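Let's take a friendly walk through this model, from single residues up to the pairing of chains. Keep the viewer open as you read.

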There are 2 protein chains.
Amino acid sequence: MTISTDNNLASYCAEVSSRARDASRLLAGLSGDVKNQWLVECANRLESHTEQIVAANRQDLDVADQYGLTDAEIDRLRLTPTRIGQIAKGLREIASLPDPVGEVIEGSTRPNGLQISKVRVPLGVIFFIYESRPNVTADAAGIAVKSGNAIILRGGKEAIHSSRSIVEIMQAAAVDCGVPADGVQLVNTTEREAVGHFLKLSQWIDLVIPRGGESLIRRVVAEATMPVLKHYDGNCHIYVDRLSDLAMSLRVVENAKCQRMGVCNALESLVVHRDVAAEFLPMLSEQLASHQIEIRGDDETRRLLPDVVPATPDDWSREYLGPILSIRVVETLDQAIEHINLHGSHHTDAIMTSDLAAARRFVTLVDSAAVIVNASTRFNDGSQLGLGAEIGISTDKLHARGPCGLRELTTYKYVVYGDGHVRS
Amino acid sequence: MTISTDNNLASYCAEVSSRARDASRLLAGLSGDVKNQWLVECANRLESHTEQIVAANRQDLDVADQYGLTDAEIDRLRLTPTRIGQIAKGLREIASLPDPVGEVIEGSTRPNGLQISKVRVPLGVIFFIYESRPNVTADAAGIAVKSGNAIILRGGKEAIHSSRSIVEIMQAAAVDCGVPADGVQLVNTTEREAVGHFLKLSQWIDLVIPRGGESLIRRVVAEATMPVLKHYDGNCHIYVDRLSDLAMSLRVVENAKCQRMGVCNALESLVVHRDVAAEFLPMLSEQLASHQIEIRGDDETRRLLPDVVPATPDDWSREYLGPILSIRVVETLDQAIEHINLHGSHHTDAIMTSDLAAARRFVTLVDSAAVIVNASTRFNDGSQLGLGAEIGISTDKLHARGPCGLRELTTYKYVVYGDGHVRS
């Protein structure tokens, strides 16, 4: 669907945003019970409307070729009764999480008797831009409403029919549960220009969360007039220390690199202390060869592994998202830390060591959203860290860092009660 | 002092920022003891160097006329032994506050044995732009270093000699206390263009805090490539409800409007329920007349107070910072809430009421950094709310809302310990 003129498109985007703002005022006052009833009702209805959703999904699959989707992408787009059941399960899990809204974060009574509480409240309106996986539609809507926010969903055009079907079911459930239907709106046009219009509407939209390729995210950051929660890329490191269990390191490096290559917390660059390089790198090279991983190394790595491609300076900051690993040999722990802080993307970095002092120094000085000791970088993920549900990962330092779940979609206000207090 | 060419200025700003970044890496690892010893040492040395500081301040006062400073501004610029004692006292108070760095905000052990902690860490480098009050120089430096951050101070040119003298003393104390001297740097040029250069250096600067007039802050927001912590203005409201103690309301409104007019938490606009308007407004009008406050009112206000100037639509969103108050009469609580959310600056808004349900509804639905029941808006202030020290007030929703103290200058990282955990 397209909306004829640019003027019409601008006013459509404004209307969606202002309706979201109105809905957000009502959502802020809803009880946890009402929101949870809605989540469970959505889960039930998605399951009982499986045929209807599968039929809508079929419309997307029928034209997937025209969008040039790969087989893997088509597979992620596909909805089956089992996958719809998983989406419903996800919504029930969100219902079971504690309600972040209204939490009294802290408080005190001042010497003059004034009572201060810092109370958690919703952000307001979230504009969410995401890739073409229809399960994300239900997930993001559930997380937003549970945290008391209205959400404007801008999904990939490749999944528009599937997402529309899911949103219509969730909106109908909203009406019946006493949740404002405009709390969840899908942008009903696939025109690229719509995003630009929304990014100007900071009077109604409090936060934009873009997910997808780095160029999309850079465009959003450049154009947005409201805050952006994001990560550009995940150039994640593992540093294998002088004192480390090399068999353990081998397993963890293999897992971080190979278990799933196309994700932001996959390993992209390995740093190895020279004292263990001669023993570790040949073992690793053999292991990675079985996964068809290409190694790009510095001079010392190439001395130990002569067949390795030389790493260019550019390699140190690359996020490959595929079967390539860069390797650098360092003389000291501090050199490793410096390399990671300089070239990494402050997303997820790990150390393999049995030396407590080294672990503590690494954890203190590596400036990343998650720093990990003796475990795979793949654990930096909302559900793995215990947040329950996640709408994205942030490498920003302000507001939220790392996985963003319900609480990261809230702010707080100071609530002050007095008895006619005046300032002297 | 000026730095001749634009190229030189750019490289000067880059050097200051990159040195601040290096210092911030060291500051992040300092113990609370070291930071507190430095704060106390700074306090002692500022007091023992009173003559030197007063002499530097004299240089600023000598040219204050040339900058067109008002008498009130000249008074705020002036340093006396008493005022230097107050600055020292402020630093000792910061030393006595808990260290935010290293606080474990929360944590858990996952079912697989992975240990997760969310640990508070410094932001890194803060660029602080502020007005010409030399006491702010010491205060901001103390808050930044105590929270583990390096700070680049860009003070008003009117106080450059005073600020330089204070910073030199604090830097000398740093060297002797094991704190990196580049943790506190004063921008050593008064050229306006320097600000623009710093705002581009997001690779080294994590946050900019601008204080001052709205046009300065808008310029910073437009040019900054890093996050900005700020408030544009404070169009603060008091709503006098249908059921309220009118004598108490009178005292609180008078305090909020008159106790200090030029500050962001002063009252600018009053909203009154029509059931009490006929009784309350004449009392108020008389009271405000004794302070020479001009009232600008809507039609109903003017019916009750015929001499009042009519309020234009523009008046509802004005921050007067002076002896003017706008007044509107409403029919319902919800109309008051809607007026405040639409026209206010989401800074500080208060209700005067004895009705618990009204208080709770106002507190929930008014979307401001601080919502106050039966007390003056003037209480939205770091020390009044118990934060101990404040570097600014934020009306943003992301990261920090309301007064910003030590904790608001920190972020967190996830620290994860495993025993060779891999993801399956």
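Is A:L321 buried, partly exposed or exposed? With 14 other C-beta atoms within 10 Å, A:L321 is partly exposed, because a residue counts as buried at 20 or more such atoms and as exposed at 12 or fewer. Please keep in mind that this is a predicted model.

## Two residues with positive phi

A:L321 is worth a visit for its backbone too: its phi is near 55°, a positive value in a residue other than glycine. To find A:L321, go to the loop of chain A between β10 (309-310) and β11 (324-330).

A:H346 is another non-glycine residue with a positive phi, here about 60°. A:H346 lies in the loop that runs between α13 (333-343) and β12 of chain A. In contrast to the partly exposed A:L321, A:H346 is buried, with 21 other C-beta atoms within 10 Å.

## Two domains in chain A

Chain A is assigned two domains: domain 1 covers 6-230 + 403-416, and domain 2 covers 236-379. Taken over C-alpha atoms, the centres of domain 1 and domain 2 of chain A are 36 Å apart.

Strand β1 of chain A spans residues 104-109 and is hardly covered, with a count of 0 buried residues among its 6. Its antiparallel partner is strand β2 (residues 115-122) of chain A, and 5 bridges join the two.

## A parallel sheet and its helices

Next comes an open sheet of 4 strands in chain A, paired in parallel in the order β5-β4-β3-β6. β5 (184-186) and β6 (207-210) of chain A stand at the edges with a single partner strand each, so one side of each has no neighbour in the sheet. From one strand to the next, the twist averages 20°.

Inside this sheet, 5 bridges hold strand β3 (residues 125-129) parallel to strand β4 (residues 150-154) of chain A. A:F128 stands opposite A:L153 in β4(A). Two helices lie across strands of the sheet. Helix α7 (residues 160-177) of chain A lies across β4 and β5, running at about 155° to β5(A).

## A strand covered on both faces

How many of the 5 residues of strand β12 (residues 348-352) of chain A are buried? The count is 5 of 5, so to speak a mostly covered strand. On one side of β12(A) the buried residues are A:T348, A:A350 and A:M352, and on the other they are A:D349 and A:I351.

β12(A) has parallel neighbours. Strand β7 (residues 236-240) of chain A is joined to β12(A) by 4 bridges, with A:I351 as the bridge partner of A:Y239. Another 4 bridges join β12(A) to β13(A), again in parallel, and here A:A350 is partnered by A:I372.

## How chains A and B meet

Chain A is superposed on chain B by a rotation of 180° with 0.0 Å of shift along the axis, at an RMSD of 0.0 Å. That is the relation of a two-fold axis. The same surface serves both copies, as 98% of the contact residues of chain A recur in chain B. A:H399 is the residue of chain A that comes closest to the rotation axis, with its C-alpha at 1.7 Å.

The contact takes 52 residues from chain A and 51 residues from chain B. On the side of chain A that touches chain B, the elements giving two or more residues are α10 (246-258), α14 (356-365), β13 (370-375) and β16 (410-421). The largest share, 11 residues, comes from β16(A). By class, this side of chain A has 25 nonpolar, 17 polar and 10 charged residues.

Strand pairing also crosses between the chains: β16(A) runs parallel to strand β13 (residues 370-375) of chain B, joined by 5 bridges. To see this pairing, look at A:Y417, which stands opposite B:V373 in β13(B).

Key: Residues are numbered from 1 along each chain as its sequence is written. Chains are lettered from A and ligands numbered from 1 in the order in which they are written. This is a predicted model: local features need pLDDT of at least 70, side-chain atom pairs count only at pLDDT 80 or more; totals for chains, interfaces and linings use all residues. Domain bounds come from an automatic or database domain assignment. Two strands pair if DSSP finds at least two bridges between them. Axes are lines fitted to C-alpha atoms, for helices over the stretch in contact, and angles run from 0 to 180 degrees between N-to-C directions. Two residues are in contact if their C-beta atoms, placed from the backbone, lie within 7 Å. Copies are superposed by least squares on the C-alpha atoms of residues with pLDDT of at least 70 in both. Ala, Val, Leu, Ile, Met, Phe, Trp, Tyr, Cys and Pro count as nonpolar, Asp, Glu, Lys and Arg as charged, and the others, Gly among them, as polar.
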